[in-house]
Amino acid sequence: MIEHLPAGKSTARRRNAAQHLNTTGMQQIDFHFNVAQRTIYACRLIKKVRGMGLTVAVWSSDEVILKRAYDDLWRFEDLTFIAHAWAGSPFEADAPVVFASDITKLKPADVIILLDEMVPPDWQNALAPFKRVVDIVSTNQTELMNSRARYKLYKTAGVTLNAYDRSAG
């Protein structure tokens, strides 16, 4: 079990926490920030990840944004179909993309996309089944401030982080 390490704790302890995370599945967290349309960007990312033959989980505790992303996946490109389902639905077993507002309902996938303002509950264990974590952040100032707090928490815990400014596209 990885404990949250407050700022100032030893680098060795943070490294040990990161090594534990890496052996349990999650390798890193990528922040994609300054995204103009968060749910449409999520759809484009899902399309790219599916094009590599990987599975995707999508989480947000905000059911409105989650439903918007789910619906956008049907219509974001006229000639694109990406099979997707809600966690717990009869279609989940056949869907390479699964959505849930309860992160514990998601089965392990290659990539999880986070569309939430907060860190997932029990995030160390909740994110462990996923090889890659992508946190999508729009241009909204409140969202940017919340993402900075998440970034700081993950960094303090020793997670490998990458930040990608998507303001140019």
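Arg38 belongs to helix H2, which covers residues 38–51. The model is predicted. Arg38 counts as buried because its relative accessible area is 8%, under the 20% cut-off.

**Arg38 and its surroundings**
- The side chains of Arg38 and Glu143 make a polar contact of 3.1 Å.
- Leaving aside residues up to four places away in sequence, Arg38 touches Ile65, Leu114, Leu115, Asp116, Glu117, Ile136, Val137, Ser138 and Glu143.
- One of these contacts, Leu114, is a buried residue of E5.

**Helix H2**
- H2 has 14 residues. From first C-alpha to last, H2 reaches 20 Å, close to the 20 Å expected at 1.5 Å a residue.
- The buried residues of H2 include Arg38, Thr39, Ile40, Tyr41 and Ala42. Cys43, Leu45, Ile46 and Val49 are buried as well.

**Strand E5 and its partners**
- E5 pairs with E2 in the parallel sense, over 4 bridges. In this pairing Trp59 stands opposite Leu114.
- E5 and E6 also run parallel, joined by 4 bridges. Here Leu114 stands opposite Asp135.
- Val111 and Ile113 point one way from E5, while Ile112 and Leu114 point the other way. All four are buried.
- In a regular strand, side chains alternate between the two faces of the sheet.

**Nonpolar cores**
- The largest nonpolar core has 25 residues. Ile29, Leu106, Ile112, Leu127 and Tyr154 have the most contacts inside it.
- Strands giving two or more residues to this core are E1 (28–35), E2 (56–59), E4 (97–100), E5 (111–114) and E6 (132–138).
- Another core, of 23 residues, lies apart from the largest one. Among its residues are Ile40, Val49, Ile82 and Ile113.
- Ile40 and Val49 are buried residues of H2.
- Ile112 is in the largest core, whereas Ile113 is in the core of 23 residues. These two residues point opposite ways from E5.
- In soluble globular proteins, nonpolar side chains tend to be buried together.

**Thr80**
- Thr80 sits in the loop between helix H3 (63–75) and strand E3 (84–86).
- Thr80 counts as buried because its relative accessible area is 17%, under the 20% cut-off.
- A polar contact of 2.5 Å links the side chains of Thr80 and Glu77.

How values were computed. Residues are numbered from 1 along each chain as its sequence is written. This is a predicted model: local features need pLDDT of at least 70, side-chain atom pairs count only at pLDDT 80 or more; totals for chains, interfaces and linings use all residues. Side-chain values use heavy atoms; hydrogens and water are left out. Buried means under 20% relative accessible area, exposed over 50%, partly exposed in between (1.4 Å probe, protein chains only). A polar contact is a pair of N or O atoms within 3.5 Å; within protein, one must be able to donate a hydrogen and the other to accept it, and residues adjacent in sequence count only if both atoms are side-chain atoms. Contact means heavy atoms within 4.5 Å. A nonpolar core is a set of buried Ala, Val, Leu, Ile, Met, Phe, Trp, Tyr and Cys residues joined through side-chain atoms within 4.5 Å. Two strands pair if DSSP finds at least two bridges between them. The expected span of a helix is 1.5 Å times one less than its number of residues.
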